[in-house]
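Thanks for coming. I will walk through one model today, going from where the chains meet to the parts of each. Please keep the picture open while I talk.

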Amino acid sequence: MAKLILNRLAKDFGTGRPAVSDFSLDVREGGFLALLGPSGCGKTTVLRMIAGFETPSDGSIHLGERVIADAAQALPPEKRNMAMVFQSYALWPHMSVADNVGYPLKVRGISGEAYRAKVGEALSSVRLADYAGRRPADLSGGQRQRVALARCLVTSPDVVLLDEPLANLDRHLKQEMEETFREFHQRSGATMIYVTHDQSEAMVLATDVAVMSEGRLLQVAPPAEIYARPEGRVVGGLIGRGAILTLPVMGSERHLEWDDLQDALHAANTDGADILVRPEDVTIGGEGAPATVEAVLFEGERYAVKLTLGNSQTLRGFSRVAVVPGERVRVVIRAGWRL
Amino acid sequence: MHGYVRTGNSQPAWLFPFVVITVLILSVLPLARLAMVGIAAFANGGVLTVLGDPSVWSATYYTIVTALFGTIISLVIGCLFAFLLTLTDITGKGLLSFFFVLPMMIPPQVTALAWVQMSGPSSPLLKALSIAPPLGSPQPLYSVGGIALLYGVQHAPLVYLALRAGLMTLPRDGVEAARLSGASSLRVFRDIILPLSLPGIIAGAAISFVSCTGNFGIPAILGIPASIFTLPTLIFTKFSAFTSRTFGDVAVLSGIIAMISVAGLMIQDRALRGRDYRIIGLSGASAAFELGAWRFAFTPLLWAILFFMLAAPFSALVAGALVPAYGVPLTFKTMSLHAFEEILFRQAVTRTAFVNSLSLAAATAICLLTVTVLAAYALTRRRDAASRIVSSLIEIPYSLPGIVMAVSFILVFAAPIPFLHISLYGTIWIILIAYLSSFFAVSLKPVVSAFHQLDPALEEAARLSGAGFFRRLFDIIVPLIAPAAGASVILVFLIACNELTISALLWSAGTQTLGVAIYNLDDSGSSDLTSALSVLVVLMVVVMMLLLEFLAKRLPKGVVPWRS
């Protein structure tokens with residue numbers, strides 16, 4: 001195992017706009033990094049550069065002491081000791097499940113008892129020991145996913161890359177696989193990099209979340225940290241379901257309370273700082289600022305309410321009791337975060 | 001640093017240069033040599049002597065006229081089959097399609113021989129049925145009309161396949177929308193289907209025309225007895241009467257053929273311009289029309305055409321093989337298997353021809369497979385301007401008439417190879433190289449389409465597993481494209497086995513192919529042996545086509561030409 005360092009990485013496909021630019025990131029050893037961003041933001045390109053399928057146009061990638069790629073030369077993927085779970089799983093249809101899982105061992109010249117033991121171990125760790133003789137075509141989506149995972153597990157790679165592995169699964173299966181991934185990470189201790197556009201997946205799985213937009217890295221932090229203290233409008237809008245208000249608040253304190261916000265809400269002018277307000281920090285009722293209910297969604301345990309404030313900015317909140325669109329209410333914002 | 005490569009490209013550094021060099025040798029070198037000799041002939045005034053020869057002009061005239069009428073006939077038959085088999089609910093489509101494509105795979109000289117055996121005053125079949133014309137009446141096929149008719153029969157499947165490919169992508173919802181707008185079946189056909197299928201018809205006509213101009217087997221059998229020479233047969237006779245001027249002359253004649261073909265293709269380009277109808281919406285206009293009572297007219301019509309195109313000529317061929325000599329009527333008393341025995345066990349010439357053709361075909365198919373797997377890999381993974389140029393260079397020798405390629409290779413190898421001092425002319429190797437050049441495109445197409453269907457992640461997963469280029473080639477890629485590679489081998493084998501045009505110019509004593517043997521046997525007048533050999537060749541074709549038919553289920557779409 002070794003630390004993976006991306007140093008000022010850039011990739012330009014010659015399309016006019018670089019796919020990735022000035023991307024620097026240290027992935028801690030044994031960490032589980034989620035690379036989060038909207039589609040087309042360059043996150044898959046970063047992953048493919050780490051794997052070696054693309055060469056960086058600038059910058060370098062280090063694994064431990066070694067440079068594995070820079071603009072001049074690159075170690076080919078077959079020599080990087082990495083593994084990847086592809087979005088399409090990439091199982092070889094002409095091989096049985098056991099052969100698929102054992103192929104990396106076969107390439108490394110491992111055979112006989114050691115081979116069988118390792119394949120068996122990898123298959124049972126994803127609970128597929130009974131399926132060893134089947135063809136990938138005979139398996140369900142979730143089972144194929146687990147075969148792909150077992151293939152990654154079998155050679156104890158330095159880095160495991162996952163390219164939107166849950167994108168093709170239904171919601172129920174997603175939860176089950178999230179569990180499997182977490183278990184896999186704890187047991188193997190491998191450094192894992194997980195590309196996704198789904199923030200809830202990233203939050204649930206990762207030890208660190210890196211948010212990307214338009215080819216640039218915006219922020220890296222543990223999930224709780226990035227949720228509580230996002231940097232900038234893009235990250236604030238991507239993580240969680242908060243609303244961003246523009247309010248004329250004073251001072252430079254980033255964490256704001258109701259006392260700081262109250263006056264700003266009543267002020268007529270709206271230029272000022274961007275304030276992120278999480279819906280769980282919004283209380284409907286009491287002596288707060290006036291607002292109009294725009295829309296209400298019943299979510300089972302509560303109502304999600306979209307509100308319009310007096311200065312016509314949109315706010316999101318939760319309510320335990322039913323409200324109806326058009327209703328005039330009062331809201332208290334217990335906490336806000338200056339972006 | 002050890003083990004590092006220049007780029008993240010998945011290909012080893014030697015791969016693309018290897019493909020480029022192969023293409024340079026197989027495509028660029030012969031055509032460049034042809035052009036050089038042609039230009040030299042211009043420079044020393046040889047061209048004027050050639051062009052002053054009236055036989056050249058009459059051959060050019062006959063080539064164009066027979067090709068034009070042949071194309072019209074193939075268009076009529078090909079379109080009829082394509083429309084009925086693709087758009088209507090006629091029964092027995094699979095069987096009809098298989099039989100209809102068969103003539104394309106049968107060597108043209110065999111088709112010509114079969115038709116000669118079927119008609120005329122000495123036809124054993126007609127005699128057996130007592131409907132033969134009186135002795136002394138002329139053989140009607142030895143004429144411009146006869147040549148054109150057989151061109152039509154031989155190339156109708158090409159039109160069929162080109163049009164069918166277009167019809168398969170017709171928008172079904174477009175047809176349904178026209179129906180709901182109140183159009184009758186006939187109007188839908190005239191207003192929607194005909195305009196949309198025009199590109200397919202034009203493409204089919206162009207392929208048919210180019211194939212007609214380069215055809216050697218049919219005018220050799222039907223034209224030479226009546227002193228009707230087309231350009232390919234004229235080149236052939238020029239080589240038979242070899243003089244010091246022959247090379248320059250044939251270079252100019254091949255140039256004329258190439259120009260006629262290119263003109264045909266340019267007219268096609270012109271006609272296709274502005275007709276690039278991108279199909280949007282649901283495609284697959286299968287069974288858009290119900291024939292209803294018309295089926296009782298069309299089904300017998302199609303089978304009757306197939307009877308005259310296939311069953312009757314083949315029976316005549318069988319009859320010709322079973323009688324001891326041409327002109328003897330077929331009865332139970334005259335019938336014998338003597339001719340088969342003779343060609344299979346006694347005649348050294350035919351045995352050599354079998355060995356030559358089969359080994360040439362096998363060598364061509366296998367060499368090409370090795371090259372095409374590598375070339376297809378390099379070309380599908382690169383997708384840049386260089387790879388597009390290489391792809392079109394591979395196409396050129398296949399789209400030019402075989403006789404042009406044969407002449408080019410003669411010009412390349414007539415003198416010993418410099419430095420090596422080896423002479424390939426007159427050996428079997430020159431035929432092999434010409435085959436490799438001509439059939440490269442045939443071999444490449446199925447493999448490329450298989451590569452396009454392959455998920456690149458399958459190879460990437462193998463790379464991350466640690467497999468190097470050859471390792472993943474043999475473990476992952478080859479097994480996954482195996483069905484298409486198998487189809488490519490069979491297709492090339494089939495075409496190479498039955499080839500006459502190239503080997504007719506390149507053979508010499510001991511290197512004759514099956515096509516040459518059939519032609520020579522006919523030329524020497526042993527019609528029973530010719531027929532017997534032809535029957536065997538047709539059976540071989542049918543067996544290989546059936547093999548492909550069985551493979552078809554496991555193949556990507558469009559690999560087996562006659563299946564949808």
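Where chain A meets chain B, 24 residues of chain A are in contact with 21 residues of chain B. Two residues are in contact if their C-beta atoms, placed from the backbone, lie within 7 Å. On the chain A side, strand 6 (82-85) and helix 2 (97-107) each supply at least two residues. Helices here are DSSP runs of H or I with at least four residues, strands are runs of E with at least two, and both are numbered from the N terminus. That side of chain A divides into 15 nonpolar, 5 polar and 4 charged residues. Ala, Val, Leu, Ile, Met, Phe, Trp, Tyr, Cys and Pro count as nonpolar, Asp, Glu, Lys and Arg as charged, and the others, Gly among them, as polar.

A word on the source. This is a predicted model, where local features need pLDDT of at least 70 and side-chain atom pairs count only at pLDDT 80 or more, while totals for chains, interfaces and linings use all residues. Residues are numbered from 1 along each chain as its sequence is written, and chains are lettered from A and ligands numbered from 1 in the order in which they are written.

Now chain A. Chain A is divided into domain 1 (4-231) and domain 2 (243-338), with bounds from an automatic or database domain assignment. Taken over C-alpha atoms, the centres of these two domains of chain A are separated by 39 Å.

Two strands pair if DSSP finds at least two bridges between them. Axes are lines fitted to C-alpha atoms, for helices over the stretch in contact, and angles run from 0 to 180 degrees between N-to-C directions.

Look at strand 7 of chain A, residues 159-163. Strand 6 of chain A runs parallel to strand 7 and is joined to it by 4 bridges; Met84(A) stands opposite Leu161(A). Strand 8 of chain A (residues 191-196) is also parallel to strand 7, through 5 bridges. There, Leu162(A) has Tyr194(A) as its bridge partner, and Asp163(A) has Val195(A).

Is strand 7 of chain A mostly covered or mostly open? Mostly covered: 5 of its 5 residues are buried. A residue is buried if 20 or more other C-beta atoms lie within 10 Å of its own, exposed if 12 or fewer, and partly exposed in between, with C-beta atoms placed from the backbone. Val159(A), Leu161(A) and Asp163(A) point one way, while Val160(A) and Leu162(A) point the other way.

Chain A also has an open sheet of 4 strands in the order 2-1-4-5, with antiparallel pairing. Its edge strands are strand 2 (20-27) and strand 5 (66-70) of chain A. Strand 1 (residues 4-11) and strand 4 (residues 58-63) of chain A are joined by 5 bridges, and Asn7(A) has Ser60(A) as its bridge partner.

Helix 1 of chain A lies across strand 1, strand 2, strand 4 and strand 5 of chain A, at about 120° to strand 1. Since 9 of the 9 residues of helix 1 (residues 43-51) of chain A are buried, the helix is largely enclosed by the rest of the structure. Among those buried are Lys43(A) and Arg48(A). Gly52(A), which follows helix 1, has a positive phi near 105°.

On to chain B. Chain B has 23 helices and 0 strands. Its radius of gyration, taken over C-alpha atoms, is 25 Å, close to the 24 Å that the globule rule gives for 564 residues, so chain B is as compact as a globular protein of that length. The rule is 2.2 Å times the number of residues to the power 0.38. Buried residues make up 49% of chain B.

Chain B is divided into domain 1 (13-37 + 338-564) and domain 2 (64-231 + 268-322). In chain B, 30 residues of domain 1 are in contact with 26 residues of domain 2. What gives the most to the domain 1 side? Helix 23 of chain B does, with 12 residues.
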